[in-house]
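Thanks for asking me to look this one over.

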Amino acid sequence: MVQRFTGDILPSRNFNSSSGLTIYIVLLIISKVLKAVGLFIAYDILKLIPIVVFLFLFKAGTALPLVFLQKPFSSGPPLSKHQWFRVWRHALIGTVISFLWIFGLTLCGPLRTIILFEHNELVVIAGASALFTSNGGGGGPSKARGAIFFIVAVISLLVFDHDEKLSHMGDHDNNENIHHNILTHVFKHGIDFLGWSDHKGGVVLLFLTLCLHSGYTSASKKLSVEVGGAKRLHSLSTLVSTGFLWPWACFIYFTTEIEIQSWLYLVFPLLLVILFVGVFDFYFESLAASHLQPIKVVILAPAAMFSAAIILSLTWTHPYVTRVTTLHKLEDIITEDHVLSGGVVFSVLAFLLATRMVMARGRAAKGSFIGYNPAGLPLYSIALQKTSHSIISVLKSGLRQILEDGDSRKIFYFLCINLCFTFVELLYGVWTNSLGLISDGFHMLFDCSALVMGLYASIMVRWKATRVFSYGFDRVEVLSGFVNGLFLVIIALFVFAEAFARMFEPPEVITERLLIVSVLGLLVNLIGIVAFQSSLSHGHSHGGLSHGHGQSPSGGGDKSVGHGHSHSVGHGHSHSGGHGHSHGSVSQECSQPPSVSHGHSHHNTNMEGVFLHVLADTMGSVGVIVSTLLIENFGWNIADPICSLFIATMIFLSVIPLLKETAVILILRSPAEFEDSISNALHKITTIEGVLSYREPHFWSHTANKVLGMIHVQVWPQAQEQRIIAQVTSVFKDAGVTSINVQVEKQSYFFHLSGLGASTVNITQFSQPPPHKLSDPLSIKAV
């Protein structure tokens, strides 16, 4: 039986109408907003009571309604001893994960905890599969890009999120209550050894806990099926976790001094946390997941929770908010420590984008309607999607392409050295709290972006031409050189303006560790200078044929404006009678004349742009060394802006030739170094037997090493088209043109155009008699 396709070619799961699903979407959003409120309340409560005591109260309060509602001991099949053992193991691992989660909450605050931890396990598992499996998780490059965005979001929260209030709290006794047990002491000493604040350590801890929780949740699905459902497993696990925490919580409660005015003040806030985080979130999300598509739940849940967390972080200290949660009775714990930063905003956007990309459906097999079969059923042609590769296989393939070519290999090796030095400089700057080293490290990181662009360009130029990019990707190296030149101009102007301003008021320069770093940077850049200098230029000569002729050219050619385009070498069109055309290949049909070579010095504009970047860094290192020595020995602070002015001027002057060369190539200018040879070639073709004149000659630089052209040649009706195409092509190849498109035109072709009402073309040359042959056997006309 033939399956009928409507809409999408592949059948998909049917869901209820969108109007009936609105209530579940609303419930999901409400549950996530309430959970965000509960975490903000929990963060304030944790300032008063230890983590283990709070976790015990939370688990016990959550277990009571779960056991009452689910009745796990009476409903469902009885559990075997092995199943009970697995439930206890499940509860123990869940208790450890909950402890790490709450501990991370005390370190990072509720806003950053929500941003880092509140992600569905499907997102984490799909992202890991896209990065580390051979087939890329079955989702194509989109999932791999989403996984990379997820990692970038975590790194940006770690590097660019400067929550000074949380860091300040971590360095004082206000937050000492979170370091009461041996585990927290070990963590504290570990991050102190690394030189991190509690806030930074909490980011790493929450990310690792998220990965652990995703694997834990995924592994729990099989156990939930065996014990009678996810709700029964959750209620049993929560109850067992309460039993695990009870002795530990009692020990800490009786051995630790807890400064609380009255436990009655905490009853209502604790009840809100239990309901919002432990009960409502579990039931509402389970209800929404059973009626909505999983991808919709995965995308809507973090978006709602992130939005609620950002709003709460801005309004949490307002008197109305504290009065609603009854936390106004504990005014000492309400502090303004939920500050937004650029890193937080960027991370939120990156996480949301990563979630959509990771959860995006793979493209289904696309089909097009092609007709009906004899039975009247529709027929479709289905194009299967090409299998995607994981990011590891893509990296391996890219590395192989890089190492195959000398230029890309040099850029890659220097990029690795530069990146190593950059990260060493950044780490040492963070370790010693040196703003100068950190700034220079980010400057070198910006320079590495230019190297990456040059590296990518050196790979693309070797790609084969496609139907869309029929000329290939040769011009990428020209574009890369032009963009690198623009970057250098911007840098030079910025340095010049800043140095000029400092000339009048030289600031005090702190030279501590500056000389050592500058010398090391100079050594690294000298490696690049030596490596790239050999790739800048190479001699290139065009060997050709010199044809003698006995008379001067008779026709200058009609040079009307037209649109030039290029085909492969020796590809010509001959128009006779109608629209017939013939394709001729280059052939040598003349005797061997004396060889004449045209010497041209060509170079790679992409490598020149990379070289100028390295040269600019080298001059910068030299300038810093000179200014540092003058400041340390003579106290001349003005040496710094003077050296900067000199460096900026040198960078600007050195990059002007590169910009000029790449700009004229991009705007399709006729190459200046070939003007004479092309002019001589145009005169030569008029001496070829059967050629009357030419029109619309177009010649342009495709790259620094390739010159393309096209020309229309008007010939006598009895002329042999393929022979003229071969001779004209040979003349222009001798002149240095890499590829020429020759279009041969006869008198009947123009009569045909006139009959069609086309624009008139100068055909006065057709009235001339055919030229007489020359007796010189070496002339072009005698060929």
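1. Are Arg695 and Glu696 buried or exposed? Both Arg695 and Glu696 are buried, where buried means under 20% relative accessible area, exposed over 50%, and partly exposed in between, using a 1.4 Å probe and protein chains only. Their side chains also meet in a salt bridge, 2.9 Å from N to O. A salt bridge here is a side-chain nitrogen of Lys or Arg within 4 Å of a carboxyl oxygen of Asp or Glu.

2. A word on what you are looking at: this is a predicted model, in which local features need pLDDT of at least 70 and side-chain atom pairs count only at pLDDT 80 or more, while totals for chains, interfaces and linings use all residues. Residues are numbered from 1 along each chain as its sequence is written, and side-chain values use heavy atoms, with hydrogens and water left out.

3. Now the overall picture. The protein chain has 23 helices and eight strands; these are DSSP runs numbered from the N terminus, helices being H or I with at least four residues and strands E with at least two. Of its 783 residues, 46% count as buried. The chain exposes about 39,700 Å², with carbon and sulfur atoms supplying 65% of that, by the Shrake-Rupley method with a 1.4 Å probe. Among contacts (heavy atoms within 4.5 Å) between residues at least 6 apart in sequence, 81% join residues at least 24 apart.

4. The whole structure holds 13 salt bridges. One of them joins Glu118 to Lys35, with the closest N and O atoms 2.9 Å apart. This pair links distant parts of the chain, since Glu118 sits in the loop between α3 (81-117) and α4 (121-132) and Lys35 in helix α1 (residues 18-45), 83 residues apart. Both Glu118 and Lys35 are buried.

5. Another salt bridge pairs Glu226 with Arg86, the closest N and O atoms being 2.6 Å apart. It too links distant parts of the chain: Glu226 belongs to helix α8 (residues 198-227) and Arg86 to helix α3, 140 residues apart. Glu226 is partly exposed because its relative accessible area is 30%, whereas Arg86, at 17%, counts as buried. Salt bridges that share partners also join Lys32, Lys35, Glu118, Asp281 and Glu285 into one network.

6. What are the partners of β7? Strand β6 (residues 691-701) pairs with β7 in the antiparallel sense over eight bridges, pairing requiring at least two DSSP bridges between the strands. β6 and β7 form a hairpin with five residues between them, and Trp700 has Leu708 in β7 as its bridge partner. Strand β8 (residues 739-745) runs parallel to β7, joined by seven bridges, with Gln714 standing opposite Glu745 in β8. The chain crosses from β7 through helix α22 (residues 721-734) to β8 in a right-handed β-α-β crossover: with the strands pointing away from the viewer, the path from the first strand over the helix to the second runs clockwise.

7. Ile527 is partly exposed, at 44% relative accessible area. Leaving aside neighbours within four places in sequence, Ile527 is in contact with Phe414 and Ile417.
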